[in-house]
Amino acid sequence: KALLEQLYFIPAIRRAMLQNIPEMEGQDGDFADELRAVFRCLHQFDSKFFNTDEVSFSFKDDDGKTITTTEKTDAVEYLHMLFDALESRLKGTPQKGLVNECFLGSMLSQIIVKETVEVRGQTYGDDNPYKSEAFEDFYVLNLEVKNQR
C-alpha cells in the first residue's frame, strides 16, 4: 500500500495514470485500470481508506499467477514486477517510456590501474594509467550503511 502511495506522489506517474492511459475495454481486473482507481481515490482526498485488494488481485507475476499481499515478497523484487507490469501496460501509448523516464538510473563502474600493464598491445603506467569503464543501468540503487549489518 505504501508503495502505491509513493508512486502517486511522483507527478509524471500520477499524471499518466489519471489522464492519459486508455482504459482496457472488456478486460476486468487490468492492473493499470485498478492502479488508476487507487490514484483517483488518493487524488480526491475525501476518502480516508481505500481497499487495495482489487489492484493486488490484478497484479500478476511472469507466470500469470496473482501476486497476493499476504505472500512474502522482497520489496525490490515486488517493485521490479510492478515496473514490468506498468511498462507492459504502457506499450503502444504515448507514455511507453514513463517507467524508464522516472526511475532508470545509470552508474559508471571505473577501474584505474596505475601500475605498468599491457592491454591489447599497449603499455600503460604511472603517466598514462589504464582505465576501464562500464555503465550499468539500474532502477534501485543499493547502498551500504556504515556500521550496519
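View 1. Phe9 counts as exposed because its relative accessible area is 55%, and the cut-off for exposed is over 50%. This is a predicted model. Phe9 sits in the loop that links H1 and H2. His43 lies 34 residues away along the chain, yet the C-alpha atoms of Phe9 and His43 are separated by 9.9 Å.

**View 2. The whole protein chain.** Six helices and four strands make up the secondary structure. Read along the sequence, the order is α-α-α-α-α-α-β-β-β-β. The protein chain has 149 residues, and 28% of them count as buried. Its accessible surface comes to about 10900 Å². Carbon and sulfur atoms hold 48% of that surface. Among contacts with a separation of 6 or more, 52% join residues 24 or more positions apart.

**View 3. The largest nonpolar core.** This core contains 21 residues. Leu7, Ile13, Met17, Leu35, Phe39, Phe83 and Leu86 have the most contacts inside it. Two or more residues come from each of helix H1 (2–8), helix H2 (11–20), helix H3 (31–44), helix H5 (75–90) and helix H6 (98–103). H5 gives the largest share, six residues.

**View 4. Leu7 and its partners.** Which residues does Leu7 contact, leaving aside its neighbours within four places in sequence? They are Ile13, Arg14, Phe39, Leu82, Phe83 and Phe103. Leu7 is also among the core residues with the most contacts.

**View 5. Helix H5, end to end.** H5 has 16 residues, so at 1.5 Å a residue it should span 22 Å. Its end C-alpha atoms are 22 Å apart, which agrees. The buried residues of H5 are Leu79, Met81, Leu82, Phe83, Ala85, Leu86, Arg89 and Leu90. An α-helix has 3.6 residues a turn, so residues three or four places apart point the same way. Gly92 follows H5 and has a positive phi, near 80°.

View 6. Ser88 belongs to helix H5. Ser88 counts as partly exposed because its relative accessibility is 47%, between the limits of 20% and 50%. Ala32 is 56 residues from Ser88 along the chain, and their C-alpha atoms are separated by 9.7 Å. Ala32 is one of the buried residues of H3.

**View 7. Helix H3 and its buried residues.** H3 has 14 residues. From first C-alpha to last, H3 reaches 20 Å, close to the 20 Å expected at 1.5 Å a residue. Its buried residues are Phe31, Ala32, Asp33, Glu34, Leu35, Arg36, Val38, Phe39 and Cys41.

View 8. Arg120 is found in the loop between strand S2 (117–119) and strand S3 (122–124). Its phi is positive, about 50°, although Arg120 is not a glycine. Most residues other than glycine have a negative phi. Is Arg120 buried or exposed? Arg120 counts as exposed, because its relative accessibility is 79%.

**View 9. A nonpolar patch on the surface.** Which residues form the patch? They are Met107, Leu141 and Leu143. Together they have about 300 Å² of accessible area. Leu143 is in the segment after strand S4 (130–138). Leu143 counts as exposed, because its relative accessibility is 68%.

Note on methods: Residues are numbered from 1 along each chain as its sequence is written. This is a predicted model: local features need pLDDT of at least 70, side-chain atom pairs count only at pLDDT 80 or more; totals for chains, interfaces and linings use all residues. Side-chain values use heavy atoms; hydrogens and water are left out. A nonpolar core is a set of buried Ala, Val, Leu, Ile, Met, Phe, Trp, Tyr and Cys residues joined through side-chain atoms within 4.5 Å. Buried means under 20% relative accessible area, exposed over 50%, partly exposed in between (1.4 Å probe, protein chains only). Contact means heavy atoms within 4.5 Å. Accessible areas come from the Shrake-Rupley method with a 1.4 Å probe; for residues, only the protein chains shown count as cover. The expected span of a helix is 1.5 Å times one less than its number of residues. Patches are made of residues with over 30% relative accessible area and no salt bridge: like charges are joined within 9 Å, nonpolar side chains (Val, Leu, Ile, Met, Phe, Trp, Tyr) within 5 Å. A salt bridge is a side-chain nitrogen of Lys or Arg within 4 Å of a carboxyl oxygen of Asp or Glu.
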